[in-house]
Amino acid sequence: MTQLPLIKLQDVSYTYSGATKPILDKINFTLHEKQHLGLIGSNGCGKTTFFHIIMGLLKPDSGMLFFKGNEMRNAQHFKKLRQEIGLLFQDADDQLFSPTVLEDVAFGLLNLGVGPVKARQIAIQTLGDLGLAELEKRITHQLSGGEKKLVSLATILAMQPKVLLLDEPTNNLDSTTRARLIKILTELDIAYVIISHDRDFLAETSQKVLTMTQGRVTE
Amino acid sequence: MIFEGFSQGDSLLHKSDTRVKLVGAMALTLVISLCQSFFTGLAGLVVGLILLFLSRLDLNQVLIRMLVVNSFIGLLWLTLPLTYPGDMISFGSIVLSKQGIELVALITIKTNGIILFFITLLATSTVADLGHGLERLRLPTKLCLLLLFSYRYIFVVNQEYQRLVRAAKLRCFCPRTNLHTYRTYGHLFGMTLVKSWNRTERVGQAMLLRGFHGRFYTLNEQVMGKGDLIFLIIILIIVIGLVGLEFLFT
C-alpha cells in the first residue's frame, strides 16, 4: 500500500517491573486505513499491554510508535491520538461511570468541547444507530452484561474515532448480543483490531487474524 | 442495596430545581436541628408533613423508612428518661426524669421533621442530579465527583465482595468464632480493597482515553424557572418564620 499506515509499531518492547522477561519483545505491527484485524494469543501473552502501549497508557521501554506517520512521544501527542483511536475495555463496568446511559455516551464529546445540545444529539444518534435508543435514560449499573458491552461501544463510537481497539469484546456475551456485535462491527467503516479467544468471532469480523506468541505478533 | 425509590415521580417537588431543594433542605434542617423549643420542632414537623403531601410519595414506603429511623430513637426512649438528671417522677418502683422525657420527646419530633425534609426534598432527586446540583451551587468539584463515583461504584464493589463471599461459601466456608474465620474475612476485605483499587485505575484510564481533564460536564442544564424561584422564596419565608418562633418561645 502506498498510503501511510494509521498505526505503526517499530521494534516496541515492554517489560513489567519485577518481570524477568519482556512481555512485548521488539514488536512490529501496522494497521492500515479501514483494515479489520483480529489478534489471538494465550492468556497473559501481552495483548492488553499491546493496546495500552498504543493508547499511551503504558510507555514502551524501547521502540517507536507512529500514528498517521507521526511519531508519538509525549502526552500532547497521545492526547490527539486518543481523539481518533477508541479502546473498548474488557470489563464494561470500567468504562461506564456516568449515572445514565445518555450521559456516559455524551461524556467523551463534552470533554472534546462539544456543546451540551450538540453532544446530546450525537449521543442519541449513536445509540439509535446501534439499536440502543430505548436504553437512553437507563441507569448504567442496572444494565445487563450484554447491554453494558454495547453501550460502552456506543460511548466510544460517539467520539467518531478513526480506529477502534476491542479487548475481548465477546467475553460473557450471549449468542444474540454476540450476533448483534458482529453485525455492528462488519458494518463499521473504520479500521479496528479485535483481541479475542473466539476464533469464529474473529473469522466473521476480521480480514486477517494475527497471532501473538512470546512477545511477537506473527501472521 | 440502595435504590432511588423516591426519585421517580411528577409531583411539584420532583420537578423543582435540585439547587432549590438542596438549599431549602439545608436551611430547614439547620433551623430545626438547632432549635430548643417544642413549638418550633412541631412547626417543623408540620412543614415536613405538608412537603410529604406535596411530594405525593407512597406513604407506606415513607412509613417504613420512618420506622427504621425511629427504631434508633426507641433506644433513646429506653435510656434517657432513666439516666438524665432532673426532677423525678416515680411510677411505682421506676423513677423517671421529667427533663429526660422532655428532651427525648424533642429529639423525636426534630428527627422526624428532618427525615421528612430529606425524603421530600432530597430523595425526590436522583443522586446524579444531587451531585450536579451541588456542583452548580459551587461546592468543590472534587467533593461532588467523590459523591457521584461513590454512588456509581458502591454497587460494583458490593458485587465484587459478594462474589468473593460466594466463592468462599462454595468451598464450604462457614463463619464461626475462630481464627480461621477472622483470617478469611480479613482476606475477603483485603481482596475487595485491592480489586477496588485496580478498578479505579482502569476507570481512570478509561476516562483519560475519552479526554477527561478533571471536570464533569452535565447534559441537563437545569434552568431556574419562575416556579422554582417562588418555591425557594416560600421555603425561606418558612425558615425565617421558624427562627421567629424559636426566639418567641425561648
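Modeller: A cavity is a set of grid points where a 1.4 Å probe fits but cannot get out. A volume is the space filled by probe spheres set on those points. The model discussed here is predicted.

Biologist: How much space lies in the second largest cavity?

Modeller: Rolling a probe the size of a water molecule over the atoms shows where empty space is left. The count comes to three cavities of 30 Å³ or more. For the second largest cavity, the space is about 70 Å³.

Biologist: Which element gives the largest share of the lining of the second largest cavity?

Modeller: Residues from both chains line this cavity, including A:Arg82, A:Leu87, B:Ala206 and B:Leu209. Two or more lining residues come from each of α2 (75-84) of chain A, β6 (85-88) of chain A and α8 (179-209) of chain B. The largest share, three residues, belongs to β6(A).

Biologist: How many residues of the lining of the second largest cavity are nonpolar?

Modeller: The lining divides into three classes. Two of its residues are charged and three are polar. The nonpolar ones number seven.

Biologist: What is the volume of the largest cavity, and which residues are closest to its centre?

Modeller: The volume of the largest cavity is about 160 Å³. It is lined by 19 residues. The closest to the centre are A:Phe97, A:Ser98, A:Pro99, A:Glu103 and B:Phe216.

Biologist: Which elements each supply at least two residues of the lining of the largest cavity?

Modeller: The lining of the largest cavity holds 12 nonpolar, five polar and two charged residues. At least two residues each are supplied by α4 (101-111) of chain A and α7 (141-170) of chain B.

Biologist: Which residues of α2(A) are exposed on the other side from the buried ones?

Modeller: The buried residues of α2(A) are A:Phe78, A:Leu81 and A:Arg82. They cover an arc of only 100 degrees around the axis, which puts them on the same side of α2(A). An α-helix has 3.6 residues a turn, so residues three or four places apart point the same way. On the other side of α2(A), the exposed residues are A:Gln76 and A:Lys80.

Biologist: What covers the buried residues of α2(A)?

Modeller: The cover draws on both chains. Chain B contributes α8. From chain A, the cover includes α1 (47-55), β4 (62-67) and β6.

Biologist: Is A:His52 buried or exposed?

Modeller: A:His52 is found in helix α1 of chain A. Beyond its neighbours within four places in sequence, A:His52 is in contact with A:Leu57, A:Leu58, A:Leu87 and B:Gln205. The cut-off for this class is under 20% relative accessible area. At 13% relative accessibility, A:His52 counts as buried.

Biologist: Which strands stand at the edges of the open sheet, each with a single partner strand?

Modeller: Four strands of chain A form this open sheet in the order β2-β1-β4-β5, with antiparallel pairing. An edge strand has a single partner, so one side of it is left without a neighbour in the sheet. The edge strands are β2 and β5 (70-71) of chain A.

Biologist: Which residue in β4(A) stands opposite A:Ser13?

Modeller: Strands of a sheet pair through backbone hydrogen bonds, either parallel or antiparallel. Strand β1 (residues 7-14) of chain A and β4(A) pair in the antiparallel sense over five bridges. Opposite A:Ser13 stands A:Ser62.

Biologist: Do β3 and β9 of chain A run parallel or antiparallel?

Modeller: Strand β3 (residues 36-41) and strand β9 (residues 208-213) of chain A are joined by five bridges. In β9(A), A:Met212 is the bridge partner of A:Gly41. The two strands run parallel.

Biologist: What is the phi of A:Glu168?

Modeller: Most residues other than glycine have a negative phi. A:Glu168 lies in the loop between β7 (163-167) and α7 (175-186) of chain A, and at 9% relative accessibility A:Glu168 counts as buried. The phi of A:Glu168 is positive, at about 45 degrees.

Methods: Residues numbered from 1 in each chain as written. Chains lettered and ligands numbered in written order. Predicted model: local features only at pLDDT ≥ 70, side-chain atom pairs only at ≥ 80, totals over all residues. Heavy atoms only, no water. Buried < 20%, exposed > 50% of the residue type's maximum accessible area, 1.4 Å probe, protein only. Pairing = 2+ DSSP bridges. 1 Å grid on protein atoms, 1.4 Å probe; cavity = no way out; pocket = protein on both sides within 12 Å on 5 of 7 lines; lining within 4 Å. Nonpolar A, V, L, I, M, F, W, Y, C, P; charged D, E, K, R; others polar. Arc of directions from axis to C-beta. Contact = heavy atoms within 4.5 Å.
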